[in-house]
Amino acid sequence: MTSASFGGEASAPLSVSQRAPLFDWLFVVAVIGMAMAYVRAIFFTPIEALQGAAQKIYYLHVPAALSAYISLGVVALTSIVYLWLGDERADRLAESAGEVGLLFLTAVLTTGPLWGKPIWGTWWTWDARLTLTLFLWFLTAGYLVLRGAVEDRAMRARYSAVLGILAALLIPFIHLSVYLFNTLHPMPIVLKPEKPSMPTEMLVTFLGFFAACTVLCIALIRARYRYGVERDALRELESAGGEGY
Amino acid sequence: MRPGLLASALVVARKDLAIEFRTRTAFLAVLMFAILGVAIFYFAWDVTAVAAIDLAPGVLWVIFTFSGLLSLQRSFGVELADRAMDALLLSPIDREAIFLGKALANLIFVSGIQLLTIPSVGLLYNLPLGHALPILFAIALLAAVGLVAVGTLFSAMAANTRLAELLLPMLSLPFFVPVVYGAAQATSTLLAARPMAEAWPFLKLLIAFDLVFLTACTLAFPYTLEE
Amino acid sequence: MSHVLEADRLTRVFAGRPAVNDVTLELNAAECLALFGPNGAGKTTLLRLFAGLLRPTSGSARVNGHPLRGDADARAHVGFISHQSMLYGALSVRENLELTARLYGLADRRAAAEQVMREMRVLDRANAPVRALSRGLQQRVSIARALVHSPRVLLLDEPYTGLDALGAAALTEILMRLRGDGATLVLVTHNINEGLAVASHAAVMHGGRLLRLERREALDSVSYAEEYRELVGGVR
């Protein structure tokens, strides 16, 4: 049974220091942070006058969208890095970020209608943000389906990277299309250049959610990446062990 | 003297069109699909509630998308049989030329379908398209370039996977949205006899899409080839 | 001074297994290497690495000092014959060959196509669609396709497969002529006699490794055939 590095790929079992620690402290912090944010939003933040209690979904909806964009940004960047350097770690990171991104996109697509129904009276509207999110969802799902359809590892990584970059190029065009289309979505009231037009308490809740959500996003990507490392190491052992050189 | 990029692309395009012309089945099948689709849409709509002139742009560009997908499906099949693609890769032509050549052949194929489908919409929906036809064809060409740029690349990728027929539409359709949207809006403006200046933002969208994706897909193509 | 064909510690790995493992060899002009080995030995992979269709995992494969993979000009002088015909079935023999001539930028395509059709004895079927031809005739056309641009380096993967006596004789004649003109050949074959008939060197591959490499003159075909059988029959 050989452990020679045939292609520079790790075929030895992971050493103790490489294995993921049993206690993922980042993930725990993220979950606690999210719980705290939820509690603050539900019990300690005033209800908005015009929109009522349903407005509070906004605290999750927008940070989830931002986390989704962060994840997809990671996919796009690691795709470029992979095509440039050929490092399989970039591909593994892209895979992880893609799955986490899909998770957050799903969160956005479910909280959006939940917010929209009481506010606009309808489950779905073709406004800017929801439409873009819907298309991002399809692109990300397509990305993951593509990954599942290619068996050869190098080809899978290359194809995914190409799709990742093209999808990133598409976003401005979807954005432009939707912009040209009339929109119902309320103007983003936090990200204006001058001071945001939200009362301080709501702003704090929002920023708290943003921080917790982002940390959760990073923790999930990291955990998924570690899983990917172990899974790939296992596959190496299986395929190398089958030969008798 | 080995041929330059454009000359090589033309060689590849000619080859694809020669093969297509030899059988002709694919073109006729896609054309039938397109015209049948146009007809079916007519029955699916309540024509008394929605005027044909409002219906037509949507129908035209949806059918364009799906017949485009059918056209693209066959694009790389011919290269996989007997590994004919290897002969192209062995020769001194650039990889990008292979992509451009196949995209050009697809463009001609798709445009050919459009050339016959657009008048059929006018015919079946009783729309006086006469004066609008040249501009409609121009919009169709712009849209076709975008469709074909993305579709040819994904066709090359999908051909190497297990789920080829499913993967091509799934990956391409999100990319077709700006194309369909721009083309449909420009068409509406045109058919409603509004000044074309109103359609300019949509045409700009189409042109920008074409430039960006033709370049990006040409550059990405070599990465989809065997290592 | 660079050799015409050169592999330096060439290795190619597929899914953790080395199909070509640390192969080093050199060939000069007018030399022909007959490459023997059982199925799965890596001979086809080695040829594809030389042809630039595959990228090495490590090491290098060069033709006239250049790796074919990035170098379009270098590819202009290489011909490759593989298990698949690499032809377009819907097009005629002539169309396939003239297409190849166009791809290589030849000036007089018609003449080049006619020349190789004549050499491979398929001129009478020039206008027939390739898919209408028998396997043996397709093989001849496939060989013709590799010769259209008068390559200086010819890589042949079991080219005698499917050829009848006439076709095989035509091929051997062409290979001898090419060698005489100074071309370099690599001929992969199962048939020891066919291989040794045109070769200046002989090698055996097994399990991705190059086991023996020697000059043809040093060999006696009968004992070589026996040694070969032992070598590949005995090892796993």
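# Notebook: confidence, contact and fold in the predicted model

I looked up confidence in chain A: the mean is lowest in helix α1 (residues 25-43) of chain A, at 83, and highest in helix α2 (residues 58-85) of chain A, at 92. The score is pLDDT, the predictor's confidence in each residue, from 0 to 100. Helices here are DSSP runs of H or I with at least four residues, strands are runs of E with at least two, and both are numbered from the N terminus. I noted that over residues 1-11 of chain A the pLDDT is below 50, and that this stretch has 18 contacts in the model beyond near neighbours in sequence. A contact means that the C-beta atoms of two residues, placed from the backbone, lie within 7 Å. Where pLDDT is low, the predicted coordinates should not be read in detail. For chain A as a whole I recorded a mean pLDDT of 80, with 80% of the residues at 70 or more.

I noted the conventions. This is a predicted model, in which local features need pLDDT of at least 70 and side-chain atom pairs count only at pLDDT 80 or more, while totals for chains, interfaces and linings use all residues. Residues are numbered from 1 along each chain as its sequence is written, and chains are lettered from A and ligands numbered from 1 in the order in which they are written.

**Chain A, overall**

I counted 6 helices and 0 strands in chain A, which read along the sequence as α-α-α-α-α-α. Of its 245 residues, 35% count as buried. Buried means that 20 or more other C-beta atoms lie within 10 Å of the residue's own, exposed means 12 or fewer, and partly exposed is in between, with C-beta atoms placed from the backbone. Among contacts in chain A between residues at least 6 apart in sequence, I found that 77% join residues at least 24 apart.

**Chain B and its contact with chain C**

I examined the contact, to which chain B gives 25 residues and chain C gives 27 residues. On the side of chain B that touches chain C, α1 (5-23) and α5 (84-90) of chain B each supply at least two residues. I sorted the residues of that side into 14 nonpolar, 2 polar and 9 charged. In this sorting Ala, Val, Leu, Ile, Met, Phe, Trp, Tyr, Cys and Pro are nonpolar, Asp, Glu, Lys and Arg are charged, and the others, Gly among them, are polar.

I then checked helix α6 (residues 95-124) of chain B: its 30 residues should span 44 Å at 1.5 Å a residue, and its end C-alpha atoms are 43 Å apart, which agrees. The expected span is 1.5 Å times one less than the number of residues. After α6(B) comes N126(B), with a positive phi near 55°.

**Chain C, strands**

I looked at strand β1 (residues 5-14) of chain C, where 7 of the 10 residues are buried, so the strand is largely enclosed by the rest of the structure. β1(C) pairs antiparallel with strand β2 (residues 17-27) of chain C over 7 bridges; strands pair if DSSP finds at least two bridges between them. L10(C) has V23(C) in β2(C) as its bridge partner. The two strands form a hairpin with 2 residues between them, and A15(C) in the turn has a positive phi of about 45°. β1(C) also pairs antiparallel with strand β4 (residues 58-63) of chain C, over 5 bridges, and there A7(C) is partnered by A61(C).

I turned to β6(C), in which 5 of the 5 residues are buried, so this strand too is largely enclosed by the rest of the structure. V153(C), L155(C) and D157(C) lie on one side, and L154(C) and L156(C) on the other. β6(C) runs parallel to β5(C), joined by 4 bridges, and parallel to β7(C), joined by 5 bridges. I81(C) stands opposite L156(C), and D157(C) has V188(C) in β7(C) as its bridge partner.

**Chain C, helix α6**

I found that helix α6 (residues 165-180) of chain C has 16 residues and reaches 22 Å from its first C-alpha to its last, close to the 22 Å expected. Its buried residues are G167(C), A170(C), L171(C), L175(C) and L178(C). Seen down the axis of α6(C), these fall within an arc of 135°, so they line one face of the helix; the arc is that of the directions from the helix axis to the C-beta atoms. The face turned away carries exposed residues, including E173(C) and R177(C).
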